[in-house]
Amino acid sequence: YQDYKNIAKAFEMVNLDVVSYFPKMVTASEAVLTEQEKSEGVMLIDIADDATFITLWSKGELVNTRVLPLGGRLLSTQIATLWEIDLLDAEKVKEQYGSLERNLRFEDELIPLVNRNGNKTLQIKRQEFQDKFSEMAKAWLSELLSQADAFAREERVFYPHCVYTGGAVSLDGFLEFLHFEFSRQGRIGHTRRVDAPNELLVNPSLTPAIGMFSWLAYGSGEKAKLIEERGFLQKTLSSARG
């Protein structure tokens with residue numbers, strides 16, 4: 001509750017009139033999961049920059065959620081530390097050259113690394129970068145999947161479907177890497193049931209935002225009540241009924 005109050009206060013300070021707040025894990029689920037998956041049991045793993053959000057469904061209902069401090073930026077931090085470069089430059093290097101595709105060979109190709117402290121541009125062999133990147137990604141995903149599996153066991157949801165979304169799953173070869181290194185099956189969660197440009201629908205980092213519109217658009221009668229302006233008594237009665 002205090003976290004919510006802090007967020008609300010931040011918007012008030014910049015004079016933004018917020019209509020309502022929507023939990024990311026709910027809207028992301030609305031965007032990418034099917035009713036069959038929710039019924040049979042599914043774990044939505046949303047890998048953002050600074051955290052991974054796990055949402056667990058079973059028998060058509062949301063069972064529980066968990067947040068892991070294992071976002072995609074962890075890889076950027078490791079790149080920055082290993083080659084002693086700025087974090088923003090490490091982000092650019094990861095986006096441009098980071099790949100999880102197997103059996104890549106780059107011969108003597110070089111990639112630039114900007115060292116801002118010394119104001120110089122370094123170059124390293126791309127094959128060296130690829131080998132280190134794959135090693136770091138394997139350790140990162142191993143820990144992430146281990147904690148996700150432990151969460152599912154705690155909630156007694158066994159062998160759930162796995163759906164992955166968030167910016168980090170855009171890495172080339174993500175699903176194939178999971179299958180080869182961890183024998184994991186799953187799919188990338190793309191936004192469904194929304195009329196929008198395809199480049200938005202296939203971007204896994206946008207699923208929570210676009211899912212919010214989907215969440216309001218379908219079954220809008222009940223859901224629209226959540227953003228209606230109501231007095232204190234009406235809100236109290238509604239909460240009591242809930």
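Helices (H or I, at least four residues) and strands (E, at least two) are taken as DSSP runs and numbered from the N terminus. The structure is a predicted model, in which local features require pLDDT of at least 70 and side-chain atom pairs count only at pLDDT 80 or more, while totals for chains, interfaces and linings use all residues. Residues are numbered from 1 along each chain as its sequence is written, and side-chain values use heavy atoms, with hydrogens and water left out.

Grid points are joined across faces, edges and corners, and a volume is the space filled by probe spheres set on the points. The volume of the largest cavity is about 40 Å³. Its lining consists of Lys24, Met25, Ala28, Leu44, Asp46, Phe53 and Thr55. At least two lining residues come from each of helix 2 (24–32), strand 1 (42–47) and strand 2 (52–58), and helix 2 provides the largest share, three residues. Four lining residues are nonpolar (Ala, Val, Leu, Ile, Met, Phe, Trp, Tyr, Cys and Pro), two are charged (Asp, Glu, Lys and Arg) and one is polar (the others, Gly among them).

Rings of Phe, Tyr and Trp (its six-membered ring) are paired if their centres lie within 6.5 Å; planes under 30 degrees apart count as stacked, over 60 as edge-to-face and the rest as tilted. Accessibility is classed as buried (under 20% relative accessible area), exposed (over 50%) or partly exposed (in between), with a 1.4 Å probe and protein chains only. Tyr4, at 39%, is partly exposed, as is Tyr21, at 31%. Trp83 and Phe129 form a tilted pair, 5.5 Å centre to centre with 40° between the planes. Trp83 belongs to helix 4 (residues 73–83) and Phe129 to helix 6 (residues 126–154), so the pair ties together parts 46 residues apart in sequence. Trp83 is buried at 11% relative accessibility, and Phe129 is buried at 0%.

How values were computed:
On a 1 Å grid over the protein atoms alone, a cavity is a set of points where a 1.4 Å probe fits but cannot get out, and a pocket is an open set with protein on both sides within 12 Å along at least five of seven lines; lining residues have an atom within 4 Å of a point.
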